[in-house]
Amino acid sequence: MIKKSIYLFLLVVFFMGCSALKNNKKDLINLQEIYGKTFYLEKNNSLENMTITLDGDRIYGFSGVNRYFGSFEEKGNKIIIGSLASTRMGGSPEEMNREREFLQNLEGEKIIVVINNQLQLIGDNNKVMKFILKEGK
């Protein structure tokens, strides 16, 4: 009797785990759902003026002083962002340093997570860039 209870318990746990995996796959991400939407960088619990927009295989946005653009490749739950180009406006040394750091952190292979109005890019070093979709934008 105890063996049957244990087997039944394990069977229930197994099917619950399979169900959770199925739901997680559904929730992973369909990038097409966010195409064309502009997300703003969140830093220290406030929104920065730096943005990201994905559309097809293109990525673009505002990096603080300049507009940037490039391409990306989708690979499962990851995106690979290639070299980014930008306009050539000038700003203060502090603004230009922030912009350079932002663009360097953006390039490369990232795990992408989208939950509700939040987009997160997680790099190799587990550095997380968190972006928020502002309503009405």
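Student: Which residue forms a salt bridge with Glu48?
Tutor: A salt bridge needs a side-chain nitrogen of Lys or Arg within 4 Å of a carboxyl oxygen of Asp or Glu. For Glu48, the closest N and O atoms are 2.6 Å apart. The partner is Arg98.

Student: What is this model, and how are its residues and atoms treated?
Tutor: It is a predicted model: local features need pLDDT of at least 70, side-chain atom pairs count only at pLDDT 80 or more, and totals for chains, interfaces and linings use all residues. Residues are numbered from 1 along each chain as its sequence is written, and side-chain values use heavy atoms, with hydrogens and water left out.

Student: Is Glu48 buried or exposed?
Tutor: Buried means under 20% relative accessible area, exposed over 50%, partly exposed in between (1.4 Å probe, protein chains only). Glu48 has a relative accessible area of 19%. Glu48 is therefore buried.

Student: Which strand holds Glu109, the partner of Lys78?
Tutor: The closest N and O atoms of Glu109 and Lys78 are 3.1 Å apart. Lys78 lies in strand β5 (residues 78-81), so the pair ties together parts 31 residues apart in sequence. Helices (H or I, at least four residues) and strands (E, at least two) are DSSP runs, numbered from the N terminus. Glu109 lies in strand β7.

Student: How many salt bridges does a search of the whole structure find?
Tutor: One of them joins the side chains of Glu42 and Lys130, at 3.5 Å, N to O. The search of the whole structure gives a total of 3.
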